[in-house]
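Hi,

Here is the model I promised to pass on. Have a look at it first, and my notes follow below.

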Amino acid sequence: MTARLRILPTAALILGAVYCIVPTLWILIAATKSKTDLFSTATYLPSFGAGIWQNIVDLSTYQGGIFWQWMLNSFGYALIGGVAASLVSAACGYAIALYEFRGRKVVFNVILACVLLPQIVLAIPQYLLLSNVGLTDSYLGVLLPQLFNPYGIYLCRIYAASSVPQSLLEAGRIDGASEWKLFHSVGLRLMGPGLITVFLLQFIAIWNNFLLPFVMVNSDSKFPLTVGLYSLLRHGAAEASLYSLVITGTLLSVLPVIALFLSLQRYWRLDLVTGALK
């Protein structure tokens, strides 16, 4: 009986892994097929010809290479929004964790409530607010709503409380350092590994965001990858040959996120080692 109970968690993990891997494997295999092979060969039988290279060439030349404009837009949205949101989250979390002020618990509880609020609920109000100031169909219209990240503030508050000692701040104040200097030179440095986590989560959230740019942006040249590939898929309903381009574009859109995740892993390992030494 005990052996059977031990098998259940393993089986559940295997099923979860298969559920995650199968769609990714399908995209990887389908991207290797030409437009004719996509619908005429077995689903999980890859093509060993030049199908994937031709798909990349066709995707790069589609409407004057607009796919790479979408890629650049997504990278700009995610990078600028991720860095800005991480700094805002760091400042808010640092202040809530290390300063005593009236209404601190109320502010923190409101932020926790915002964590539970689905982002889809905010899309239309954000559109109405930004349309009143003329920021729809602009890069700022997509970036500004991303600056406030309740979950990032929550993580920074927890990390600041555990990694920034009050005694170190008091020593800095005695030496004449301003509060901004303490935050910039002490707080951000000690919160660095935690900010890497916040940045990565926000980068991925903005990279994968669909509804907000779909509502805010009308110009094709300002689309991120999510909205651009969706528009390409809609055109593919009338022209089946575009499906290969959508699949190839989806595969290429995953590569920057994988590269970013692998490049930032060492900071998480450093954080774990530092926590163990503490």
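Buried residues make up 36% of the 278 residues in the chain, where buried means under 20% relative accessible area, exposed means over 50%, and partly exposed is anything in between (1.4 Å probe, protein chains only). Keep in mind that this is a predicted model: local features need a pLDDT of at least 70, side-chain atom pairs count only at pLDDT 80 or more, and totals for chains, interfaces and linings use all residues. Residues are numbered from 1 along each chain as its sequence is written, and side-chain values use heavy atoms, with hydrogens and water left out.

On the fold: the chain has 14 helices and zero strands. Both are DSSP runs numbered from the N terminus (helices are H or I with at least four residues, strands are E with at least two). Along the principal axes, the C-alpha atoms fill a box of roughly 75 × 65 × 30 Å. Taking contacts (heavy atoms within 4.5 Å) between residues at least 6 apart in sequence, 72% join residues at least 24 apart.

Now for confidence. The average pLDDT (the predictor's confidence in each residue, from 0 to 100) is 84 for the chain, and 92% of the residues score at least 70. Where pLDDT is low, the predicted coordinates should not be read in detail.

Next, the holes. A 1 Å grid over the protein atoms alone was used: a cavity is a set of points where a 1.4 Å probe fits but cannot get out, a pocket is an open set with protein on both sides within 12 Å along at least five of seven lines, and lining residues have an atom within 4 Å of a point. Grid points are joined across faces, edges and corners, and a volume is the space filled by probe spheres set on the points.

The largest pocket has a volume of about 540 Å³. It is lined by 22 residues, and those nearest its centre are Gln119, Pro145, Gln146, Phe148 and Pro150. Two or more lining residues come from each of helix H5 (104-115), helix H6 (119-132), H8, H11 and H12. H6 gives the most, with five residues.

There is one cavity of 30 Å³ or more. The largest cavity has a volume of about 50 Å³, and its lining includes Ser74, Tyr77, Val142, Gln146 and Trp207. H4 and helix H11 (192-207) each supply at least two residues of that lining.

Two helices I went through in detail:

- H8 (residues 150-163) ends on Ser163. Its 14 residues should span 20 Å at 1.5 Å a residue, and its end C-alpha atoms are 20 Å apart, which agrees; the expected span is 1.5 Å times one less than the number of residues. The buried residues of H8 are Pro150, Gly152, Ile153, Cys156, Tyr159, Ala160 and Ser163. Ser163 counts as buried because its relative accessible area is 7%, and its side chain reaches the backbone oxygen of Tyr159 at 2.6 Å.
- H10 (residues 179-190) has twelve residues and reaches 15 Å from first C-alpha to last, close to the 16 Å expected. Leu182, Phe183, Val186, Gly187 and Leu188 are its buried residues, and they pack against H4, helix H9 (166-174) and H11.

What about the loops? Val217 is in the one between helix H12 (211-216) and helix H13 (225-236), and is buried at 2% relative accessible area. Leaving out residues up to four places away in sequence, Val217 touches Asp137, Ser138, Val142, Lys222 and Phe223.

Asp137 is itself in a loop, between H6 and helix H7 (139-143). It has a positive phi of about 55° although it is not a glycine, and counts as partly exposed because its relative accessibility is 22%. Gln63 also has a positive phi without being a glycine, at about 50°. That residue is in the loop between helix H3 (51-61) and H4, and is partly exposed at 48% relative accessibility.

Cheers

Notes. Polar contact = N/O pair within 3.5 Å; in protein donor to acceptor, adjacent residues only side chain to side chain.
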